[in-house]
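Please open the model in your viewer and keep the selection panel at hand. The tour goes from the whole chain to single residues.

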Amino acid sequence: MENGGSMMGSVTTSKWRTKTEQMELLSRLVRFPSVTGSRAEIAIADYIEEELRAFSYFQENADHLQLHPTEDGRKIVTALVKKREDVRNTVILVSHFDVVDIQDYGRWKPIAFDAGKLTAAFYSDKQNIPLEVQKDIEQGNWLFGRGTMDMKCGLVSHMAMIEQAIGGAFDGNVLLLAVCDEEVNSVGMRTAVPVLLEMAEKYRLEYKACLNSEPMFARYPGDENNYIYTGSIGKVLPGFLCYGKETHVGEPLSGLNASYMVSQITNQFELNTEFCEVVEGEVMPPPTNLLQRDLKEEYSVQIPHRAVTLFNLFLFEKTMDEIVDQLRGLMKTAAVSIEQNYAKQADKFAQLQRSTPGTININVLTFEELMAYAVKTYGKEEVDHIQTAAMESRAEGDDREVTIRLVDQMAALCKELSPMIVLFFAPPYYPAVSSRKDPYIQSVVDDMITYAKTKHEVVLQKQNYFGGISDLSYTGLSQPISSLNPLVSNMPLWEKGYTLPLEGLEALNLPVLNLGPVGRDAHKWTERLDIDYAFETLADMLPVAINKLLTENRLT
């Protein structure tokens with residue numbers, strides 16, 4: 001094809017141009033039980049590719065539609081529609097096709113992936129579902145089912161945009177990126193980073209922005225506002241390994257119970273608003289506990305002297321240095337609290353027993369400091385042996401569990417440091433990303449807010465950060481790579497099975513936008529989608545947003 005010639009394929013029949021057609025596609029996609037890590041997660045990628053391949057454009061430009069394997073055998077889908085060979089401006093449309101499991105559906109579990117049957121069941125049995133859901137049913141047109149809102153609707157909307165792109169609707173190129181594993185470790189999006197960079201070079205693409213269509217998330221219970229997002233919240237998973245001192249339950253003051261130690265960490269950290277960042281009036285959710293347990297492998301009358309706790313900590317703009325310093329301060333506060341309470345109780349018991357009370361002193365360490373001590377004291381060969389042994393079970397184990405095992409075994413090697421509290425980080429890490437200071441994105445957002453109000457009488461509120469974790473986190477880095485050293489040096493699995501393409505993210509550095517459907521109750525059995533907003537309002541607004549992103553001057 002000559003340079004500058006049209007690359008559009010003919011679109012003789014409509015696949016996903018109408019509300020009915022898009023709803024049918026959504027229902028078909030929902031029928032895939034594509035829980036993260038399942039075979040259906042692979043099958044749905046094949047199906048998406050098959051559906052797109054039906055367009056003559058992708059038959060004539062076969063390499064523009066590809067399935068890319070991840071390191072663990074799953075797949076991501078890319079579908080590029082070029083306006084012309086010489087056109088470089090490109091908007092990436094990102095979505096994910098994996099979903100969380102359906103254990104919460106109870107008696108409706110057998111039809112959780114059948115949107116039609118589940119919706120009919122809920123509408124006919126609405127008196128037995130929560131009141132706020134009944135209210136929605138009475139006032140709107142809702143579709144229920146796992147994945148309807150999070151986020152197969154967004155994928156359907158993007159596939160419909162590909163059809164429009166083939167028909168010449170946009171003043172530039174459109175690249176669909178549909179990924180696996182957004183819900184757990186984001187293997188799909190991490191795989192996509194080098195793919196996007198390679199495609200940019202191969203097809204001479206200039207990425208203007210990455211547009212996601214995750215559904216709107218409520219900021220508080222009962223929130224019914226509509227949002228447009230210019231970023232996505234970040235997160236880390238800080239963990240605390242507490243190594244106490246073993247003793248028989250008949251002599252508890254001769255040891256230190258690690259379950260008590262982690263309870264004090266949780267008492268200090270759970271819902272601690274000192275860790276909440278505020279950006280332009282937006283407040284991130286406070287930290288909350290995700291895991292807490294002792295590490296005894298069997299019942300005995302020995303106290304649990306090893307225990308662990310793991311927290312979800314969201315991020316806006318703090319550096320990792322600031323986060324680690326704050327976490328270290330929390331550990332020291334917890335340690336002092338434990339020491340003081342131990343001294344208090346030991347003194348009271350000594351008065352009862354007429355004995356001399358003991359004392360304890362707790363060491364506060366980062367994993368990096370523990371490793372440095374272990375190498376210096378026991379040698380690198382011994383440390384490497386422990387790491388290798390801990391990693392042998394990674395193929396069958398959860399990354400969080402493997403991390404805990406590795407920290408535990410390293411602490412056991414250095415048990416002379418006990419009692420101790422060791423700070424570490426477990427995968428995954430989601431960098432916070434925001435285009436709130438990007439005049440290019442802000443201009444497009446202002447235009448879309450005006451358009452939504454004028455055309456649809458919809459009030460869109462601008463939010464700097466999408467409240468649910470999203471793959472937009474892997475479109476760039478808001479801080480230098482070197483600033484992540486406190487994270488990577490304290491993450492035992494870093495470059496031992498888990499890593500991020502940091503150089504690729506720094507090179508990609510994309511402005512971001514999230515414009516998606518209205519939904520409710522993500523990850524709950526009442527997950528539902530506002531059909532009319534998705535396939536009427538959003539279906540009209542998305543092409544407008546894409547064209548604005550393609551044609552707006554990007555100020556650098």
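What follows is a series of selections, each with a short account of what is there.

This is a predicted model, in which local features need pLDDT of at least 70 and side-chain atom pairs count only at pLDDT 80 or more, while totals for chains, interfaces and linings use all residues. Residues are numbered from 1 along each chain as its sequence is written, and side-chain values use heavy atoms, with hydrogens and water left out.

**Whole chain**

Begin with the protein chain in cartoon view, where 16 helices and 20 strands can be followed; helices (H or I, at least four residues) and strands (E, at least two) are DSSP runs, numbered from the N terminus. The radius of gyration of the protein chain is 26 Å, close to the 24 Å of the globule rule for 556 residues, so the chain is as compact as a globular protein of that length; the radius is taken over C-alpha atoms, and the rule is 2.2 Å times the number of residues to the power 0.38. Turned onto its principal axes, the C-alpha trace spans about 90 × 55 × 45 Å.

Next, colour by accessibility: of the 556 residues, 56% count as buried, where buried means under 20% relative accessible area, exposed over 50% and partly exposed in between (1.4 Å probe, protein chains only). If contacts are drawn (heavy atoms within 4.5 Å), then among those between residues at least 6 apart in sequence, 79% join residues at least 24 apart.

Select residues 39-53, helix α2, whose 15 residues should span 21 Å at 1.5 Å a residue, in agreement with end C-alpha atoms that are 21 Å apart; the expected span is 1.5 Å times one less than the number of residues. Its buried residues include I44, Y47, I48 and L52, and the buried residues of α2 pack against α1 (19-30), α3 (56-60), β1 (65-69), β2 (75-81) and α6 (148-166).

Move on to residues 439-456, helix α13, where 18 residues should span 26 Å and the end C-alpha atoms are 25 Å apart, which agrees. Among its buried residues are Y440, I441, V444 and M448. The partners of the buried residues of α13 are β6 (206-212), β7 (226-229), β17 (460-463), β18 (512-514) and α16 (531-551).

**Backbone details**

Where do the cis peptide bonds from S418 to P419 and from P427 to P428 lie? P419 is found in the loop between α12 (399-413) and β15 (420-430), whereas P428 is in strand β15; in each bond omega is near 0 degrees.

Then pick L271, in the loop between α8 (258-269) and β10 (278-279), which has phi near 60 degrees, a positive value in a residue other than glycine. H523, in the loop between β19 (519-520) and β20 (528-530), likewise has a positive phi, near 65 degrees, and at 40% relative accessibility H523 counts as partly exposed.

**Around F217**

Finish at F217, in the loop between β6 and β7, which is partly exposed with a relative accessible area of 26%. Which residues does F217 touch, not counting those up to four places away in sequence? Show Y227, Y229, F466, G468 and A522 to see these contacts.
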